[in-house]
Amino acid sequence: MTQPVSPPRYDSGKAPATPRTPAWRTLAVRADVRTLSLLGVLAVLVVIGGVTKPDEFLDTRNLQLVLTQASVIGVVTVGMTFVITSGGIDLSVGAIVALASVWATTVATQEYGFAGILFTALAVGVGCGLVNGLLVAYGGMVPFIATLAMLASARGLALQITDGRTQIVTVDSVLGLGERDAYLLGIPPLVLVFAVVTVIGWLVLNRTTFGRRTVAVGGNAEAARLAGIDVRRQRLYLYLLSGLCCGIAAFLLIVLSGSGQNTNGNLYELDAIAAAIIGGTLLSGGRGTITGSVLGVLIFTTITDIFALNNLQSDVQQIAKGAIIVAAVLVQRRTASTT
């Protein structure tokens, strides 16, 4: 029997195709590198603090203070991360924190005790977020303008409520959360709240349909709409979430300071945006990371603490923060151009 003859093979001159790395795996690797880089920066700052002021910086109380201060702005940053991921911006978060804190510490509110203060802070935050969301999602206003208007209005209303005075909290159950007796295994209650908000924020952004819709809206709103996502409703929910985080932060600030002031939350919007950006959240939307944002908050808070302990002027501190922000944006642009 004759053996079948196989057809001749022709060399096309092309190299054999190699399997492409999935896009999700590439993004995961970049996220890991970014997280490790932020952890490295934070480690360097801890070393600097430990070398310059070893007895003071590494003291347990100082570390607890750093985490406590990071908790307030950290909760705001979690909400800001969602908004920026969707392609929006919220310039009113600091003013909302101020308004919620003074509204929750009026004499009339304090008569209802712990529950009254907490409920008022959350209600004011959500209410302001609702107004922002309606203006942006259904009013067609640019987020920058809508939230800028809320910033001015909330600051003005906070000043009107307090008449420029500090409102002292007299509710012992609220003040007790800031005492060392309330610490759980050496961890302040405010830090525990921050940790819970962070975990929930991470799960919502990375493991739920709501998070995927947020990323889709930020990446391409028109494509998201054609895919069946109600873009306007999604944006409304995001500003409600940001307002809720501001309400929580206002309550934490009341516990931390024991008072309500119209100057509370000053420049929180800039700190939250900066922390989110250096953490890896794209300012143009479409990508966000809760882990990176939290690390960004810790980096900025640690810088502030080191400068304070070394009696360095605040203007140098602001220059350092500005340099970090510029470097983070340049890295983002470089990463985006190679994608």
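**Exercise 1.** Classify Phe114 and Phe251 by relative accessible area, and then describe the geometry of their ring pair.

*Solution.* Phe114 has a relative accessible area of 31% and is therefore partly exposed, where buried means under 20%, exposed over 50% and partly exposed in between, with a 1.4 Å probe and protein chains only. Phe251, with a relative accessible area of 8%, is buried. The model is a predicted one, in which local features need pLDDT of at least 70 and side-chain atom pairs count only at pLDDT 80 or more, while totals for chains, interfaces and linings use all residues. Residues are numbered from 1 along each chain as its sequence is written, and side-chain values use heavy atoms, with hydrogens and water left out.

Next comes the geometry. The ring centres of Phe114 and Phe251 lie 5.4 Å apart with the planes at 75°, so the pair is edge-to-face; rings of Phe, Tyr and Trp (its six-membered ring) pair if their centres lie within 6.5 Å, and planes under 30 degrees apart count as stacked, over 60 as edge-to-face and the rest as tilted. Phe114 belongs to helix 6 (residues 113–138) and Phe251 to helix 12, 137 residues apart, so that distant parts of the chain are linked; helices are DSSP runs of H or I with at least four residues, numbered from the N terminus.

**Exercise 2.** How many aromatic pairs does a search of the whole structure find, and how is the pair of Phe82 and Phe210 classed?

*Solution.* The search finds two aromatic pairs. For Phe82 and Phe210, the centres are 6.4 Å apart and the planes stand at 45°, so this pair is tilted. Because Phe82 lies in helix 3 and Phe210 in helix 10, the pair ties together parts that are 128 residues apart in sequence. Phe82, at 2% relative accessibility, counts as buried, whereas Phe210, at 22%, counts as partly exposed.

**Exercise 3.** Which residues of helix 10 are buried, and what covers them?

*Solution.* In helix 10 (residues 209–219), the buried residues are Gly211, Thr214, Val217 and Gly218. Viewed down the helix axis, they fall within an arc of 125°, so they line one face of helix 10; the arc is that of the directions from the helix axis to the C-beta atoms. Arg212 and Gly219 are exposed on the other side of helix 10. The cover of the buried residues includes helix 3 (60–85), helix 9 (189–207), helix 11 (221–226) and helix 12 (231–257), with contact meaning heavy atoms within 4.5 Å.

Note on methods:
Helices (H or I, at least four residues) and strands (E, at least two) are DSSP runs, numbered from the N terminus.
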